[in-house]
Amino acid sequence: MNAGIDVKQIQRFGAFYIAGARIRSISKWKAIIAAVDIGNPLFYLISVGIGIGVLVQNHSGTSGTGGIKYIAFIAPALLANTAITGVMDECIFPTIEGFKWRKLFFAQNATPITGYQIATGVYIAAIARAIFSVSVYYILLLIFNVIDFGTSILLIPVAVFGGAAFGSVMLFFAAKIEKEDYFFNIIQRLVIMPMFLFSGTFFPLNSMPIFLQPIGWVSPLWHATELGRAVAFGYKGPSFLLIVHFLYLAIMIAVAFGLSLRQFERRLSK
Amino acid sequence: MSKPLISVRGLTKVFGDFTAVNGIDFDVAKGESFGLLGPNGAGKSTTMRILAATSTRTSGTVEILDKDPEKFGPLVRAHLGVVPQQDNLDGELTVSENLFIYGRYFGLSKKFIKGKIEELLEFAQLEEKRDVKVEALSGGMKRRLTIARGLVSEPDILLLDEPTTGLDPQARHILWDRLFRLKEQGVTLVLTTHFMDEAEQLCDRLVVMDKGSIMAEGSPSGLIKEYSSKEVLEVRFGSDRNKEVAPQLAQMCERMETLPDRVLMYTEDGEKLLEQIAAAKLHPTTSLVRRSSLEDVFLRLTGRTLIE
């Protein structure tokens, strides 16, 4: 063998090679991604900022939103939601494509690259994509004067953290399911939509009846949103709750990503 | 003889209650072109995936370059080039990008890969397609690219699973030419096929597989000599009459196979046999004298044809 293959180096950087290839694929869609990443926030900022926001403000001022503008109140949730859908998209589609549609993972696994590295690479690229989308959104929030520059910059990592948590679960399911026919519809309509509406996104979670609140409690969106509000606007509640939010997301990643690693390896070596 | 590159003993793979590979043994020497010939479902692809260090075995031993592929997957795979049955190129990327990212998976330097790409594009006759998205390529081009991709790391062994299945005759011949060149360069080839002409063209040595077992092993010509006669006379009497005249025909030759559409008669001299048939006032609607092929070997060994 004279090509100069260094297996040690592959063991160290393999996941990044996969992530690099993923990012190369993703960037083929850069025009569409840019349109979505800029267009989507614009629609929200205009409709909610000018429409609903004014209505809420005229009705009850800022008493229900802890003394901040309505549009600023929902901004951390919008960022977290952007991260969640971003990581989710880049975990689900490449994974099903990799195992089933085009079997790219089997091609990658025919090299010294392992299943663990493929799973990790896909996940890294998905997170990178979310960092980009959330950063664009954050800049638009600054431009539209929704929030002030400062500790609010921490909204970016917090949102991405929430996205990574939800994405790790999606990574596992996408690797697990054999028949994806209804999968996207179910996720979109029965998970993403309710999560978006019932996670304290548009109003504080505790203003909902108690029997609806558990939807928020299990939702990574709520935990990321609450953490985001704390870092951006200062926190008024008990500090242990912040630790709970953090731990909830961290444990979600540890468990779901761990299961994903195992599932990738298993499915590739069947 | 030096130590074989691949050594397989008692290899068995069971999926649930189905035994895909049932205790097979073979060796592949350096520089050899080795084939697994058999119909669909014979266990060829399963064997290939185990050789490619991407699938586990149920029992038996496998050594590739002195290493167990199950224990040293990445290390073994670093020496292999794999061409799977189904092209799994990245359709969104261009021809040269596909080669580039694949080279990166072997940890090769960008400089090395860039030089290699030129060489491989020429080999695969895809120089003009270098910046074309893979989606837009024909089936034959995709196959050639997949083979080129398998060569990016200068592997010691190239594994090809059904390399020409699904290609038109012209594309197959181009591909055979390319593979023949590799063989001449001394690359060790292991390939599966259910085309006997492919096996005859490309393999120095092969095993005939059926239902997970090896039925016979040898060179294409050696197998034909051992399991078949020199020539074959194919006669057709029409689907109903084939069976009717079969007993009469059977007395005229060493061995005979009655297929639904034709009768195969094994003999040393086909023309002479045909004269005999005519003398017996049996008038076949069509007749053909040909040399024995691996298809006949397979038929003899299993009582079935390769492509069903």
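What follows walks through the sheets, helices, cores and chain contact of a predicted model. Local features are taken only where pLDDT is at least 70, side-chain atom pairs count only at pLDDT 80 or more, and totals for chains, interfaces and linings use all residues. Residues are numbered from 1 along each chain as its sequence is written, while chains are lettered from A and ligands numbered from 1 in the order in which they are written.

Helices (H or I, at least four residues) and strands (E, at least two) are DSSP runs, numbered from the N terminus. Of the 308 residues of chain B, 47% count as buried, that is, with 20 or more other C-beta atoms within 10 Å of their own, the C-beta atoms being placed from the backbone. Two residues are in contact if their C-beta atoms, placed in that way, lie within 7 Å. Among contacts in chain B with a separation of 6 or more, 69% join residues 24 or more positions apart.

Now to the sheets. Strands of a sheet pair through backbone hydrogen bonds, either parallel or antiparallel; here, two strands pair if DSSP finds at least two bridges between them. One open sheet of chain B has 3 strands in the order 2-1-4, with antiparallel pairing. Strand 2 and strand 4 of chain B sit at its edges with a single partner strand each, so one side of each lacks a neighbour in the sheet. On average, neighbouring strands here are turned by 20 degrees against each other, direction ignored; axes are lines fitted to C-alpha atoms, for helices over the stretch in contact, and angles run from 0 to 180 degrees between N-to-C directions.

Strand 1 (residues 6-15) of chain B pairs with strand 2 (residues 18-28) of chain B over 8 bridges, and Thr12(B) has Asn22(B) as its bridge partner in strand 2. These two strands form a hairpin with 2 residues between them, and Gly16(B) in the turn has a positive phi of about 60 degrees. Strand 1 of chain B is also joined by 5 bridges to strand 4 (residues 59-64) of chain B, where Val62(B) is the bridge partner of Val8(B). Helix 1 (residues 44-51) of chain B lies across strands 1, 2 and 4 of chain B, at about 120 degrees to strand 1.

Another open sheet of chain B has 6 strands in the order 5-6-7-3-8-9, and its pairing is mixed. Strand 5 (80-83) and strand 9 (213-218) of chain B are the edge strands, each with a single partner strand, so one side of each has no neighbour in the sheet. Its neighbouring strands are turned by 15 degrees on average, direction ignored. Strand 3 (residues 33-37) and strand 7 (residues 188-193) of chain B run parallel over 5 bridges, with Leu37(B) bridging to Thr193(B). Helix 5 (residues 139-150) of chain B lies across strand 5 and strand 6 (157-161) of chain B, at about 165 degrees to strand 5.

In chain A, helix 1 (residues 7-26) bends by about 65 degrees at Phe13(A), the bend being the angle between axes fitted to the seven residues ending there and the seven starting there. Its buried residues include Ile10(A), Tyr17(A), Ile18(A) and Arg22(A). They are covered by elements including helix 3 (70-101) of chain A and helix 3 (95-105) of chain B.

The largest nonpolar core has 150 residues, and Leu79(A), Val87(A) and Leu159(B) are among those with the most contacts inside it. Such a core is a set of buried Ala, Val, Leu, Ile, Met, Phe, Trp, Tyr and Cys residues joined through C-beta atoms within 7 Å. Helix 3 of chain A gives the largest share of this core, 17 residues. Beyond its neighbours within four places in sequence, Leu79(A) touches residues including Val134(A), Tyr138(A) and Leu155(A).

Finally, the contact between the chains takes 31 residues from chain B and 31 residues from chain A. On the side of chain B, helix 2 and helix 3 are the elements that give two or more residues, and helix 3 of chain B has the largest share, 5 residues.

Note on methods. Buried ≥ 20, exposed ≤ 12 C-beta atoms within 10 Å, placed from the backbone.
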